[in-house]
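Biologist: Thanks for sitting down with me! Could you walk me through this model and tell me what stands behind each label?

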Amino acid sequence: MEDSSGVLPGITASAFTSALSQAANGVSVVTTKHGNREAGLTVSSMCSVCADPALLLVCVNLDNEFCDIADKSGVFAVNILPTDCIDLATVFAGLGDHPEQSRFDIGEWSTLSTGAPILSNALVALDCEIDSSLAKGSHRVFFGKVVDVRTTSGEPLLYTDRRFAIVHPVPL
Ligand SMILES: Cc1cc2nc3c(=O)[nH]c(=O)nc-3n(C[C@H](O)[C@H](O)[C@H](O)COP(=O)(O)O)c2cc1C
């Protein structure tokens with residue numbers, strides 16, 4: 001119901017996250033590196049913005065050190081995960097007892113053009129220069145201009161109903 005100024009109050013955070021948990025999203029690990037500092041986290045917020053110019057976005061919690069390192073490096077990479085990367089997705093989500101400093105010990109990492117860490121078996125790796133960013137509530141939205149891409153074949157890892165899932169193609 002509207003308040004006296006005619007503004008609708010909005011829904012609670014828990015109603016919002018509960019509703020959006022029903023959506024199905026791809027899972028990526030977004031990474032950045034500046035000098036010898038690197039950061040990476042599992043995200044489901046990556047999506048395309050436009051194709052010309054090639055722009056994507058990711059939303060990252062302000063508390064994550066990714067924000068500080070990305071501000072300094074001006075670059076990040078999106079590594080879209082295949083189905084056999086659930087363990088890696090779990091580690092980069094900070095779940096389990098893997099120490100934060102050694103997240104990059106899991107998986108094989110290289111670089112493309114920007115120097116941001118690229119996962120060797122990523123389904124797709126998108127190497128980005130930061131175009132701009134916008135703070136909204138608890139998160140920063142990073143817009144990345146894609147300057148390099150590497151694709152392989154396989155099936156994407158999904159996340160829905162608060163668990164990992166795999167694509168189940170519908171027979172035609
Ligand atoms: C499937 C999945 C999707 C996630 N998506 C995001 C996201 O889009 N943005 C974000 O900031 N955190 C997201 N998280 C949470 C971060 O991965 C997690 O908070 C982060 O890795 C913790 O990092 P820290 O230990 O360095 O603080 C997601 C977690 C999971 C399991």
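**Labels and their cut-offs**

Modeller: Helices (H or I, at least four residues) and strands (E, at least two) are DSSP runs, numbered from the N terminus. This is a predicted model, in which local features need pLDDT of at least 70 and side-chain atom pairs count only at pLDDT 80 or more, while totals for chains, interfaces and linings use all residues. Residues are numbered from 1 along each chain as its sequence is written.

Biologist: Which residues of helix α2 are buried, and what puts them on the same side of α2?

Modeller: In α2 (residues 65-73) they are Phe66, Ile69, Ala70 and Ser73. They cover an arc of only 100° around the axis, so they lie on the same side of α2. The arc is that of the directions from the helix axis to the C-beta atoms. An α-helix has 3.6 residues a turn, so residues three or four places apart point the same way.

Biologist: Why does Asp161 count as exposed?

Modeller: A residue is buried if 20 or more other C-beta atoms lie within 10 Å of its own, exposed if 12 or fewer, and partly exposed in between. Asp161 has 10 C-beta neighbours inside 10 Å, so Asp161 counts as exposed. Arg162 has 9 such neighbours inside 10 Å and therefore counts as exposed too. Asp161 sits in the loop between β11 (157-160) and β12 (163-166), and Arg162 is in the loop between β11 and β12 as well. Neither is a glycine, yet phi is positive, about 55° for Asp161 and near 60° for Arg162.

Biologist: What makes the protein as compact as a globular protein of that length?

Modeller: The protein has 3 helices and 12 strands. Its radius of gyration is 17 Å, close to the 16 Å that the globule rule gives for 172 residues, so it is as compact as a globular protein of that length. The radius is taken over C-alpha atoms, and the rule is 2.2 Å times the number of residues to the power 0.38.

Biologist: And how many residues surround the ligand?

Modeller: There are 15, and the closest are Leu41, Val43, Ser45, Ala93 and Gly94. To be near, a residue needs its C-beta atom, placed from the backbone, within 6 Å. β3 (37-43) and β5 (55-61) each supply at least two residues of that shell.
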